[in-house]
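Please keep the sequence and the structure at hand while reading.

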Amino acid sequence: MAESYLPPVSREGHVSLTQQIFQGLRSAILNGTLQERARLSSWQDLSAQLGVSRGTVKRAYDLLKDENLVETKGSGGTRVAAILPIGAPPQAAKESGPEGLFYDFETGPQYFQLGVPAQDQFPGKAWHAAWRRAISAEATRPQIYPDPRGLSSLRREVAGYLATARGVRCLTNQIFITSGFAGALGVVLNVMNLNGKKAFVEEPGFPRTRHALEQAGLETIPAAVDGEGIRLPITGLHPGVELTVVTPGQQAPLGMTLSQGRRQELLKWADDSDAWIIEDDYAGELQLSGHASPALAADDTSGRVFHIGSFSKTLNPGLRLGFLVVPRALTERFAVFVGHLAPAGSVVAQQAVQNFMTGGHFFRHLRQMKALYADRKIMLVDALRRELHPAIRCDFEGALSVRLFLPPGTDDVAIAGVARTHDLGVLPLSSWYQRKDSPRGLLLGIANVRRRDVASRCKTLSRVLSL
Ligand SMILES: Cc1ncc(COP(=O)(O)O)c(C=O)c1O
């Protein structure tokens, strides 16, 4: 018997009837409403039921056939394919990431969520214009392979940004457009054959970096962070370390800038040990007080530093765009690898970002965000001081976060879990440490704190902490 599922159609709006029927049936198949081998109404029946022409329904069925979602076999009529193509889930399931690593992908951001830009102060008009121009250029672009290193026009803009804002002087061919910091990290580990080797990582440090290195088979050795930033352990105790990953501009998550003395120590260590440094410049120019100090790569005279920047904090993490600057002697090696295994992504997104930068909007936006985030941080610290128990120590120096320190042994992971059920996206500090007896606390992002609700959110957090 034929299934009597009727796709919804409307004569208002711009979507053609064929497309509406196709989309309706397609969703019904993908979400399991129409199961494998289910028979669809004949296109003659369906056209009568929907009051549309037979040709309209036939075209919709042809589109389903093109996607291998249905098959037609003689008198058997049209049926949902017996084996749905890969990627077609039998049931619509809500996607979520590995536990504890990511936030919810489909909603949010939650209040206090770390690592996302302000949602309410984005220069939407200039951003739209940049995308409109990119899309119309794309529509007339020849259908050829683009440069796998990234659009040269975007790489030139990035070179300009690096020289002006980060003190890094490099040639365009040292720059590679990547899928954010994470993509660039993967490229460096592969090209430099670092899989299976040992690396110093900051303690505390960005958990995703540690997990990424472990995933690539590296042994991660924690290097403590103090008021001057990373302090390498006595290296004689750890022979054979070939890499240090560091956040010199704004230590993640504690916020201090690597001191001049430590920068020199780190560079000397790399030079003496024939080792490499990955500089994670995730926050780039977003230094909230005064000028951002130059990137570590600016002082690298021996070609030991891989500098990685990301548009995740400055524009939108959904772009999945970042950039990698490699030492001059390694440009060829990286170009070959990237060409084969990690070509830069969507040309349209790259073009839109380049348009935005060329129009001067990127620098203006950064300047405005620095002022906004500095204000929001003060607002948050004031509210926390009013609402939280005075015994809770609050650290807000540097960084795009505020840190709350809780008594030793507190289960900050459980507290963060409870906070999330109250729509507060705080992160547990202990997850940023490798050692078990780590300090306990919470990290609060400042980007989306607003005057109208900061007090009530801090009150909720205070209730969660006293549970
Ligand atoms: C320390 C650190 N590095 C890098 C990133 C950005 O990673 P990606 O560019 O892959 O989005 C983040 C974002 O949260 C971060 O906190």
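C170 is buried, its relative accessible area being 16%, where buried stands for under 20% relative accessible area with a 1.4 Å probe and protein chains only, exposed for over 50%, and partly exposed for what lies in between. The model is a predicted one, in which local features need pLDDT of at least 70 and side-chain atom pairs count only at pLDDT 80 or more, while totals for chains, interfaces and linings use all residues. Residues are numbered from 1 along each chain as its sequence is written, and side-chain values rest on heavy atoms, with hydrogens and water left out.

C458 is also buried, with a relative accessible area of 0%. The cysteine sulfur closest to that of C458 belongs to C394 and is 9.4 Å away, which is too far for a bond. The structure holds zero disulfides, a disulfide being a pair of cysteine sulfur atoms within 2.5 Å.

Helix α10 spans residues 347-358, and its twelve residues reach 16 Å from the first C-alpha to the last, close to the 16 Å expected at 1.5 Å a residue; the expected span is 1.5 Å times one less than the number of residues. Helices (H or I, at least four residues) and strands (E, at least two) are DSSP runs, numbered from the N terminus. Of the twelve residues in α10, eleven are buried, among them V347, Q350, F356 and M357. The elements that cover these buried residues include α4 (124-140), α5 (152-166), β3 (175-178) and α11 (361-387), with contact taken as heavy atoms within 4.5 Å. At the start of α10, a side-chain oxygen of S346 comes to within 3.2 Å of the backbone nitrogen of V348, whereas G360, which follows the helix, has a positive phi near 80 degrees.

The ligand is surrounded by residues that include G180, F206, D280, Y282, K313 and R320, each having a heavy atom within 4 Å of it. Helix α6 (residues 180-191) gives the most to this shell, with three residues.

| Residue | Protein atom | Distance to a ligand oxygen |
|---|---|---|
| F181 | polar backbone atom | 2.6 Å |
| A182 | polar backbone atom | 3.1 Å |
| S310 | side-chain N or O atom | 2.6 Å |

The protein covers 93% of the 400 Å² of accessible area that the ligand has on its own, as computed by the Shrake-Rupley method with a 1.4 Å probe.

Notes:
A polar contact is a pair of N or O atoms within 3.5 Å; within protein, one must be able to donate a hydrogen and the other to accept it, and residues adjacent in sequence count only if both atoms are side-chain atoms.
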